[in-house]
Amino acid sequence: MRQVIAGNWKMHGRPDDVSAYAAALAAAAPPATLLICPPFLLLERFAAALAGTDIALGAQDCHWAARGAHTGDIAAPMLAQAGASHVILGHSERRADHAESNAIVRAKAQAAIAAGLTPIICVGETEAERDAGEAADIVTTQLRHSLPDGFAGLIAYEPVWAIGTGRTPGADDITAMHATIRAALAAQLGEAGRALPILYGGSVKPDNAAAILALPEVGGALVGGASLQAADFLAIAASARGH
Ligand code: PEP
């Protein structure tokens, strides 16, 4: 299966940035599936710029309701209509900034699936939890309570302490956690859980991408800071396993 290289622009980017970035991605032929997740405001512009390419478009969150009195929120059907096929849910910045619990993430995933979107559900431990030896328990608990029954999307393992810090876990730690996640998915979802892509996220850069993407059970990368420049994002994608 081709690895998935997903870019999370977070709260970066302006409408004027879209066309040159999209053109650079469209002109490349990396050995990976590309997915770009810009802020809501840029989705329609990206959808137009990427029309006719096989580059996928995702949002960074959605509400758990399909419509209603939720000032400032965005519903999953709106994202689908704007051209998104994917949505990141449960990113640690959402869990921290907006007090999103596993139950909220699960409800959002159900809403996303009902709207025809593929969720990318993020899990990961804090540094204190890792130091306390609790990382595997934290991550499996997040999976157990964040994934709806029959979940068929993607998982992103993102140790919170590696996001935006320039620090990454060692290869052995990534391998061990991805194996833990695979076992948890198989226990939770049966045969389907053996095939779901598990992305790694947390300070993936052009200079460490090849080593991370070569690890067992790493189905791709969720890339924050290094996705903002098309050249860096494409350099990461060029390191992917294309099979
Ligand atoms: C992220 O935001 O999901 C992320 C992994 O960020 P960064 O690559 O900047 O660590």
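Which atom of Gly 225 lies 2.8 Å from an oxygen atom of the ligand? Select Gly 225: a backbone N or O atom is at that distance, a polar contact in the sense of a pair of N or O atoms within 3.5 Å. The protein covers 98% of the 290 Å² of accessible area that the ligand has on its own (Shrake-Rupley method, 1.4 Å probe).

This is a predicted model, in which local features need pLDDT of at least 70 and side-chain atom pairs count only at pLDDT 80 or more, while totals for chains, interfaces and linings use all residues. Residues are numbered from 1 along each chain as its sequence is written, and side-chain values use heavy atoms, with hydrogens and water left out.

Select Lys 10, in the loop between strand 1 (3–8) and helix 1 (18–27). Helices (H or I, at least four residues) and strands (E, at least two) are DSSP runs, numbered from the N terminus. An N or O atom in the Lys 10 side chain is 2.7 Å from a ligand oxygen atom. Lys 10 is not a glycine, yet its phi is positive, about 50°.

Move to Ser 203, in the loop between strand 7 (198–201) and helix 9 (209–213). A backbone N or O atom of Ser 203 lies 2.8 Å from an oxygen atom of the ligand. Phi of Ser 203 is also positive, near 60°.

Finally, select helix 7 (residues 135–146) and helix 8 (residues 171–189), which pack at about 35° with axes 10 Å apart. Axes are lines fitted to C-alpha atoms over the stretch in contact, and angles run from 0 to 180 degrees between N-to-C directions.

Methods:
Polar contact = N/O pair within 3.5 Å; in protein donor to acceptor, adjacent residues only side chain to side chain.
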